[in-house]
Amino acid sequence: MELRQLRYFVAVAEEANFTRAAARLHLAQPGVSAQVRQLERELGEPLLDRSGRSVTLTEVGAAVLPYARAALAAVEGARQTVAEFTGLLRGHVAFGLVSGADAGWEGRAVSLLADFHDAHPRVDVAVTTDGSERMLLALQRGELDLALLGTAESEPPAGLSFRIVVDEALVAAVAPDSPLLALAEDGRIPPAALRDQPLICLPRGTGVRGVLERVCADAGFRPRIAFEAAAPKLLAGLAARGLGVAIVPAPAAARAEGVRTLEFDGARPRGRIALAWRADGPARPAARALLDHLRTALGTPGRKGDRTAAKP
């Protein structure tokens, strides 16, 4: 069993396609296929099912994949440890950034990554922008090292650690002639007032959308989503035109033009962004260095404020 065989197997498993895996590895497809078949012969079991339009893992392949990733990470860790002794950190970090964050938060994330690059110019950071639910799964599978993502929860799911870095009230942004304004008392409405209202929100799979769905479920109804978009500013703009009620973080509503803001009675919903990583810590030294950098920049250094999923 050779490391390159494990590397090829992991690439094919993640791409679900030999041609895409070969392009990612900058190799010819027949060579990748031959090496993966050699690995299967050495293990005595097929790891990949090639019968469909896309390549899928067999039951054995799914069981082997975490070990293959761990072996590659261990080798990379050994290389990076040597690099650390020479005083020059090298390596690769897979970093996820929530889609739908406001421009100010995205700008801050860019600044944090730029500062890290200035300190460690030999570290490559691959940034993925995606929905929060998919990024949580990618963290759990080891496809991402770290992520800044939206969450409807104050505690992380199994196998992950969180640090909440943004915690803002969610509000309803409405046009100046919205009938909801007449229902408000001291600028507040009950969540039940959203029943039958056309709602404008971030897409499914984002933290804010999860909070909205939970608030509506607790009030006994399902939200009627009229518009969804990935930018809070756009959501508020749609509300200003009278197209519905936008559910957005309070700072985004405060910066929007042409809307009135209504808070919620009772347990007020919150929009949260968390820095998330695997509970056992990133395997690669470069990823550990980025985690330490972000912890320091986003809050008290060290583990104060970190939350790890409770063990079953």
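Predicted model: local features only at pLDDT ≥ 70, side-chain atom pairs only at ≥ 80, totals over all residues.

**Notes on the cores and the pocket**

1. Leaving aside residues up to four places away in sequence, Leu148 touches Phe95, Gly96, Leu97, Val98, Trp105, Ala109, Met135, Val165, Ile273, Ala274, Leu275 and Leu298.

2. Leu148 also belongs to the largest nonpolar core, which has 36 residues. Together with Phe95, Leu149, Val165, Leu290 and Leu294, Leu148 is among those with the most contacts inside that core.

3. Which elements each supply at least two residues of this core? They are strand 3, helix 5 (103-119), helix 6, strand 5 (146-151), strand 6 (160-174), strand 12 (270-278) and helix 11 (285-298). Helix 11 gives the most, with 6 residues.

4. Please look at the other core too: it lies apart from this one and has 31 residues, including Val171, Leu202, Ala246 and Val248.

5. Now to the largest pocket, which holds about 1100 Å³ of space. Its lining is made up of 36 residues, and Glu14, Arg69, Gly142, Glu143 and Arg284 lie nearest its centre.

6. Helix 4 (59-85) is one of the elements that supply at least two residues of the pocket lining, and its 9 residues are the largest share. Helix 1 (3-15), helix 2 (18-25), strand 3 (91-98), strand 4 (123-130) and helix 6 (132-141) each supply at least two as well.

Methods: Residues numbered from 1 in each chain as written. Heavy atoms only, no water. 1 Å grid on protein atoms, 1.4 Å probe; cavity = no way out; pocket = protein on both sides within 12 Å on 5 of 7 lines; lining within 4 Å. Points joined across faces, edges and corners; volume = space filled by probe spheres on them. Helix = DSSP H or I, 4+ residues; strand = E, 2+ residues; numbered from the N terminus. Core = buried A, V, L, I, M, F, W, Y, C linked by side-chain atoms within 4.5 Å. Buried < 20%, exposed > 50% of the residue type's maximum accessible area, 1.4 Å probe, protein only. Contact = heavy atoms within 4.5 Å.
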